Amino acid sequence: MSLSSLKILVCIKEVPASDMHIRIDDTGRWIETGSHDDYVMNRFDEYALEEAVRIKEHFAGTTVEVLSVGPEHCRAVIRRALAKGADTGIHIQDHVPGYPAPEAVATAIAGFCQTRAYDLILTGVISEDLMQGITGPLVAARLKIPCAAAVIRQRIDPDKGTVLAACELESGWTEEVRLTLPALLTVQSGINRPRYPSLSNMMRSRHQELATLPCDTPAVVENESRVTALSEPALSSSANFFGGTLEEKAEALLDLLIEKGVLIT
Amino acid sequence: MTPPTDLLLIAETVGNRPQPSIQDLLGAAGAYTAAGGETVRLLLTGTNVAAAANELAASTGLDLFTLENPGLDLPNPALTAALASQVLPQLQPRYICLPHTMRGCQVAAALSVRTSRPVITGVEAITQTGGRLYFRRAVFNGKLTAALELPASGGVFTFCGGAAAPGDGPSTGRGKVTPLSVTDVDCGVQPLAMSRPPDDEASLEEAAAIVSAGRGIGKEENLELLRAVAGILKNSTLGGSRPACDAGWLPYSRQVGETGRQVAPELYLACGISGARQHLAGIKNAKTVIAVNTDPQAAIFGRADYGIVEDLNRFLPVLIEKYKERVET
């Protein structure tokens with residue numbers, strides 16, 4: 001085996017599309033699932049996957065596996081990842097309805113990774129549904145491997161056993177760090193331009209078997225955060241909506257802009 | 001022996017100066033105390049933080065602990081978590097709070113695993129009902145709010161609910177400062193440098209009106225519509241959300257948001273922007289926000305002063321047309 005080849009895992013998640021109408025379910029603690037057609041791969045995971053495939057193209061012999069923890073229909077995003085160049089897909093089944101606590105998901109992923117000697121694990125920096133940004137760091141902490149978050153540029157050196165990462169912070173700051181491998185990077189959007197699926201990969205993704213594993217962690221982990229209620233945001237600061245026809249709204253907006261003194265007259 | 005702490009705030013320094021995010025920590029302390037919480041103390045990390053600690057103890061009245069290590073000159077979440085966990089048995093905190101920043105979330109996750117406690121990030125408010133604490137945060141791109149509970153044994157959270165109001169927190173004079181000793185560890189992460197590109201797009205911070213593009217504009221060509229609208233506004237310029245920059249429609253120097261620029265124009269016209277928290281963080285100080293979006297559920301309408309539920313590709317041309325009609329009469 002070539003010194004330079006790497007074994008990479010990308011953790012991906014299925015989330016409701018950004019324009020899907022979100023409805024609170026009967027328990028009041030989570031959302032109605034809705035139609036599977038309204039689910040997509042988490043935007044930031046797309047960037048993580050693309051980065052992995054680029055590393056694979058750079059270092060011969062490198063493999064990219066993708067994993068997703070979720071119910072049956074998350075297999076669709078695993079297949080999408082195969083269509084975009086991942087080699088193997090793994091589905092860790094999680095049928096527990098409701099809030100997928102990051103602690104439990106990370107425990108499941110770390111448990112899977114323990115014996116599999118990945119050189120590099122990539123996740124998206126944040127998920128579009130829960131928006132916590134911690135699943136990647138939790139996995140890294142459980143595996144006791146170094147982690148860099150919000151990576152916008154990386155340079156992996158398999159021979160040296162290190163990866164250089166530029167990490168985006170707030171207000172335009174970037175921090176450059178060096179990590180020893182194996183390492184976990186959470187990937188920020190804009191690191192690359194995700195590709196479209198290739199025809200041959202799409203054909204392969206349709207028929208390729210996915211490894212399916214039960215979720216080993218108990219359904220309710222004792223030391224887990226719990227959602228007690230979901231609600232619409234407080235209406236006290238909601239917008240003053242313009243009414244009427246489109247033309248009337250345009251006129252009303254012009255009046256407002258004149259009132260605010262910003263319109264060139 | 002150190003008495004246990006109810007809420008331990010952990011603040012980092014860069015070059016031994018506390019970061020602006022410390023305001024969020026003090027806000028957390030205020031919210032926690034207002035919800036009936038008890039002792040709040042602060043752990044300050046860095047390389048040589050005695051001066052900063054004394055200043056904070058005087059200005060906040062909080063008791064402080066300091067944790068120093070040569071590896072903490074630049075942000076190093078892994079090292080911060082490793083060193084902090086050495087002192088946690090001594091401090092016995094019930095809750096640990098970090099600022100809601102990229103680093104804060106990393107430290108929170110690492111501490112969650114090390115202390116076997118749950119973790120919640122992006123907490124916007126802490127409330128109390130029937131003796132139980134609830135932590136409120138945004139989910140689904142801000143469309144919904146979730147109330148979460150931590151077990152009685154405690155947990156770790158990051159707070160972004162804003163600065164403390166004057167008068168919050170203990171007013172009992174100056175707090176104590178106690179240095180803590182820790183053993184160096186190697187975490188496999190070596191920070192090398194921190195940098196920020198020069199402000200080449202000063203116009204964003206100086207513009208009176210910003211017309212801002214979100215993913216909803218659909219394609220780069222539609223930026224022309226926004227440019228046309230900017231053309232009828234005084235001292236205006238174009239801005240964009242993160243997804244619009246990721247798509248290559250605008251350079252990142254035009255990104256408005258938490259990881260981009262914070263702006264305070266007279267007018268912010270958000271076109272096809274969903275209003276995720278990271279974007280709203282960039283327009284906190286915008287005077288008037290007007291949002292155009294086809295999705296009435298979009299979180300932007302929770303921040304906007306005025307809302308227009310229309311397809312911007314149909315609406316903006318009509319706006320320009322009506323403007324021209326007025327100018328001609």
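Student: Let's start with the big picture. How many helices and strands are there in chain B?

Tutor: Chain B has ten helices and 16 strands. Its C-alpha atoms fill a box of roughly 80 × 50 × 35 Å, taken along the principal axes. Remember that this is a predicted model, and that goes for everything we discuss.

Student: What share of the residues of chain B count as buried?

Tutor: Of its 329 residues, 60% count as buried. There's another way to look at the chain, through its contacts. Take those in chain B with a separation of 6 or more: residues 24 or more positions apart account for 63% of them.

Student: Now sheets. In what order do the strands of the ten-strand sheet come?

Tutor: Read across it like this: β11(A)-β5(A)-β4(A)-β1(A)-β6(A)-β10(A)-β7(A)-β8(A)-β9(A)-β11(B). The sheet is open, and its pairing is mixed. At the edges you'll find β11 (211-214) of chain A and β11 (189-195) of chain B, each pairing on one side only. From one strand to the next, the twist averages 30 degrees.

Student: Which strand does β11(A) pair with, and over how many bridges?

Tutor: Its partner is strand β5 (residues 88-93) of chain A, in the parallel sense, over four bridges. To see one for yourself, find A:I92 and look across to its bridge partner A:L213 in β11(A). A helix packs on this sheet too: α2 (residues 75-83) of chain A touches β4, β5 and β11 of chain A. The direction of α2 makes about 165 degrees with that of β5(A).

Student: Let's go to β1(A). Why is it largely enclosed by the rest of the structure?

Tutor: Count its buried residues. Strand β1 covers residues 7-11 of chain A, and four of the five are buried, so the rest of the structure largely encloses it. Then look at the partners. Five bridges join β1(A) to strand β4 (residues 63-70) of chain A, running parallel, and A:C11 stands opposite A:L67 there. With strand β6 (residues 120-124) of chain A, the pairing is also parallel and has four bridges. Here A:I8 has A:L120 as its bridge partner.

Student: How do I read which way the side chains of a strand point?

Tutor: The general idea is that side chains in a regular strand alternate between the two faces of the sheet. One pair to look for is A:T123 opposite A:T186.

Student: What about the six-strand sheet? Which strands stand at its edges?

Tutor: First the order: β13(A)-β16(B)-β15(B)-β14(B)-β12(B)-β13(B), in an open sheet with parallel pairing. The edges are β13 (240-241) of chain A and β13 (236-240) of chain B; each has a single partner strand, so one side of each is left without a neighbour in the sheet. For β13(B), strand β12 (residues 209-213) of chain B pairs with it over five bridges, in the parallel sense.

Student: At what angle do α3(B) and α4(B) pack?

Tutor: Helix α3 (residues 77-91) and helix α4 (residues 102-115) of chain B pack at about 40 degrees, with their axes 9 Å apart. They are therefore oblique to each other, and the crossing is right-handed. Among the residues in contact are B:A81 and B:L88 in α3(B), and B:V107 and B:L111 in α4(B). The residues of this contact divide into eight nonpolar, four polar and two charged.

Technical notes. Residues numbered from 1 in each chain as written. Chains lettered and ligands numbered in written order. Predicted model: local features only at pLDDT ≥ 70, side-chain atom pairs only at ≥ 80, totals over all residues. Heavy atoms only, no water. Pairing = 2+ DSSP bridges. Helix = DSSP H or I, 4+ residues; strand = E, 2+ residues; numbered from the N terminus. Buried < 20%, exposed > 50% of the residue type's maximum accessible area, 1.4 Å probe, protein only. Axes fitted to C-alpha atoms, helices over the stretch in contact; angles between N-to-C directions. Parallel < 35°, antiparallel > 145°, perpendicular 65-115°, else oblique. Left-handed = near helix turned anticlockwise from the far one by under 90°. Contact = heavy atoms within 4.5 Å. Nonpolar A, V, L, I, M, F, W, Y, C, P; charged D, E, K, R; others polar.
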